[in-house]
Amino acid sequence: MVEGWSVLSGDTDEQRSLEPGTGPAPEGEPEYRPYRRPAAGWGAARSVSRLLMREGALVDGPRAIRRMNHEDTGFDCPGCAWPDDTKGLRLDICENGIKHVTWEMTRKRVGREFFAAHSVTELSGWSDHDLEDQGRLTEPMVYDPESDHYVPISWKDAFEVVGRALRELEDPNQASFYTSGRLGNEATFLYQLMARELGTNNLPDCSNMCHEASGRALQASLGTGKGTADLKDWETADALFILGVNAASNAPRMLTALAEAHHRGAQIVHVNPLIEAAATRTIVPHDFVDMALFRATRTSTLNLQPRIGGDMALLRGMAKAVLEHSATDPKALDREFIDRHTTGFEEYHALCEATPWDEIEHQSGLSRTDILAAARVYGEADRSIISWCLGLTQHEHGVDTVREIVNLLLLRGNLGREGAGPSPVRGHSNVQGNRTCGIDHRPTDEFLERLAEVCDIEPPRAHGLDTVRTVEAMHNGDVKVFVGMGGNFALAAPDTLYTCAALRNCELTVQVSTKLNRSHLVHGRRALILPCLGRTEKDHQRKGVQSTSVEDSMSMVHLSVGMKRPASSHLLSEPAVIAGMARAALPDSTTPWEWYIEDYDRIRDTMAQVLDGFEDFNRRVRLPLGFRIKQPARELVFLTPSGRAEFSTAVLPDIVPAPGTLVLGTMRSHDQWNTTIYSDDDRYRGIKNLRTLVFMNRADMRERGIADLGPVDITSIARDGSRRTLDGYLAIPYNIPRGCAAGYMPEMNVLCALGDYSTQSDQPIMKHIKVVIIPAALSGERTRTALRPV
């Protein structure tokens, strides 16, 4: 096993057992060659072929590819949340989706023999790639502190460990229940029901770290926490604006929509500090003619590179240009829409007039000419969609930035009609469904009242803990039991050392997982690993094979049915795991937990009574492509205090870094899905055999005396003045604005202090970390890094 994050002498035991490098053993020296080929195409095909061969999935892999994302007998891709094709496409798949599924369908197994052979201390020295690469978990395991090994435990006894720990808490708020985006809607509903019947709203989720700003902004502006555009709108829009999204890696099936948009003559504007592969050209793999002819399609008509955090200034500049143009061309604004459906326009108009162009240029990092070019595209399009991802939300001012998107859309009535609207890109397959179905630490009174009436419980009314405050509470000893449904919390959360110390301070940690990961090794005084079915696997219950539902990023809800025999006969479905924990923790509960698990239609019938938009759930979810949850704002019904869409009037923040400092944003590599690392390569950025790197502007490198691929030390400066350092990273000269830098999560999550979260959304500001980067000391290996608080 390869070591990656070396430990300096004098480090504590806690640091020593933390994180080695996350990738597999490098196959050669680090390489960087700028990528200039189209996205997807034959590069994706070769990558998929190598993966299928390496994982021994030459039969199961193609079978899964044919079944994935089809509503009749298929399963939903466990990767991104891009909607299923509406035109009956038989290969509605992508490279990353195939990787994700193949990684789940591996023939490798992690059973009791594996855990008997390897202690937790030993496994803590393995890379995260090597941990997951061992294969699928096969049976429940409990940590034995005397031997430092996980040992087998029966499901009955495992549930009793959880149940006793929860029953013995002095206060139910001493438990916290985390959710990743992989959880289906039915399991989600049962999970929140269990937590609330126990008496807590401590339901942190991955949205707290990703799109919380989107939900709060859209709720404030439009009265809905979701986007209003759907895939058909994408197919008819005259202009598409893609902000802060690396589509080729994060939502690769978007490439099809972008290629089709270009073919029909739509304008496509990408806004990102880095010009990613998806913002240039693509060869869509299921377009066999283009593949055969090596014929690429452009995926953009304009690329803009604002400084990190400069998107709000760009949007303000576009709005200012539209308003200035309206002085000579009244058609530049949709005054009828503004007058009938909005409030606050005059105040916003005055704010734009009062914002000087030089300030807009300074904060955005773009010239007035560039901003006017984007405004011209917007002004000349009859129907526009603005889409965004974490590049906009993981900032202090993320809510204001998303509200500025809505402001711009309202000026020309780009809401409530075909081909227009806001369209956030969710990064995980059911993260939006989790929130819809009750995973919310700040539930509405209306939802709690319906839950109380239908489920005959008395849910708590006080707000619960989100992700950041759960970590704080665990660290302080106020949360004693942590349950994680999927994901890899230890690596996904910010401030890695602090988060891991918090997990270790728990009385009990419970991880419901499919594969071994870092969160199983960074555990409480007692710990359980509860293995569950993957989405590709058949879920057999008393009433037959069950289906689960998921919601994509455009509010379509559809069924997913596994196709493969489970990896082990000892696996339980996620709903069954939740029901088992609930029955053990709530022995006197009148909730029919076991009855629900016999037939998931019964869960859906209850959900239909509790959740807005889920009426007649069981029938509608079986329609072709499922059904779309009603969106009042799409129908120009605004559930805001004014009953109208509301313009916001936030002043432009000062996001320009101080002299000598840079702003660093974390991101995924291409050969990665969230915290799962497939390799140390990043094809679309030209990287091989390297993850411990930082992308920098060459002028910034020269100013600091940093050579190309030279070793550097990266020190973050938190709001409270504390510092965190990564040593020995390699600096890669890259096309990124001056004053900006970028690198990979989860390795760089250590640089984001837990206290550095947005006061608007409570999200960790992982895209706006203030850092100082200097040449590294000459001693030490250049590809090794040290994790050391300063």
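Figure 1. Of the contacts in the protein chain with a separation of 6 or more, 79% join residues 24 or more positions apart; contact means heavy atoms within 4.5 Å. The model is predicted, so local features need pLDDT of at least 70 and side-chain atom pairs count only at pLDDT 80 or more, while totals for chains, interfaces and linings use all residues. Residues are numbered from 1 along each chain as its sequence is written, and side-chain values use heavy atoms, with hydrogens and water left out. The protein chain holds 31 helices and 35 strands; these are DSSP runs numbered from the N terminus, with helices as H or I of at least four residues and strands as E of at least two. Of the 790 residues, 67% count as buried (buried is under 20% relative accessible area, exposed over 50% and partly exposed in between, with a 1.4 Å probe and protein chains only).

Figure 2. Val-663 is in strand 26 (residues 662-667) and is buried, at a relative accessible area of 2%. Its C-alpha atom is separated by 8.8 Å from that of Arg-307, a residue 356 positions away along the chain. With neighbours within four places in sequence left aside, Val-663 is in contact with Ile-308, Ile-655, Pro-657, Gly-739, Cys-740, Ala-741, Lys-767, His-768 and Ile-769.

Figure 3. Helix 29 (residues 600-610) contains Arg-604, which is buried at 1% relative accessibility. From C-alpha to C-alpha, Arg-604 and Asn-185 are 8.9 Å apart in space, against 419 residues in sequence.

**Figure 4. Aromatic pairs.** A pair of aromatic rings is described by the distance of the centres and the angle of the planes. Rings of Phe, Tyr and Trp (its six-membered ring) pair if their centres lie within 6.5 Å; planes under 30 degrees apart are stacked, over 60 edge-to-face, and the rest tilted. By this rule there are 22 aromatic pairs. The rings of Trp-155 and Phe-159 form a tilted pair, because their planes are at 35 degrees, with the centres 5.4 Å apart. Both residues belong to helix 8 (residues 155-167), where Trp-155 and Phe-159 are four residues apart, about one turn of the helix. Trp-155 is buried at 14% relative accessibility, and Phe-159 is buried at 11%.

A second tilted pair, Phe-695 and Tyr-734, has 4.6 Å from centre to centre and 55 degrees between the planes. Phe-695 lies in strand 30 (residues 693-696) and Tyr-734 in the loop between strand 32 (723-733) and strand 33 (740-744), so the pair ties together parts that are 39 residues apart in sequence. Phe-695 is buried at 0% relative accessibility, and Tyr-734 is buried at 14%. Elsewhere, ring pairs link Phe-114, Phe-115, Trp-126, Tyr-143 and Tyr-150 into a cluster.

**Figure 5. Charged side chains over ring faces.** A charge sits over a ring if NZ of Lys or CZ of Arg is within 6 Å of the ring centre and within 35 degrees of the ring normal. Lys-515 lies over the face of Trp-103, 3.9 Å from the ring centre. Arg-620 lies over the face of Phe-627, at 4.0 Å from the ring centre.

**Figure 6. The largest pocket.** On a 1 Å grid over the protein atoms alone, a pocket is an open set of points with protein on both sides within 12 Å along at least five of seven lines, whereas a cavity is a set of points where a 1.4 Å probe fits but cannot get out; lining residues have an atom within 4 Å of a point. Points are joined across faces, edges and corners, and a volume is the space filled by probe spheres set on them. The largest pocket has a volume of about 1,200 Å³. Its lining has 30 residues, of which Gln-219, Gly-225, Lys-226, Asp-440 and Thr-444 are the closest to the centre. Helix 10 (212-222), helix 22 (431-436) and helix 23 (445-455) are the elements that give two or more residues to this lining, and helix 10 has the largest share, four residues. The lining divides into six nonpolar, 13 polar and 11 charged residues (nonpolar: Ala, Val, Leu, Ile, Met, Phe, Trp, Tyr, Cys and Pro; charged: Asp, Glu, Lys and Arg; polar: the others, Gly among them).
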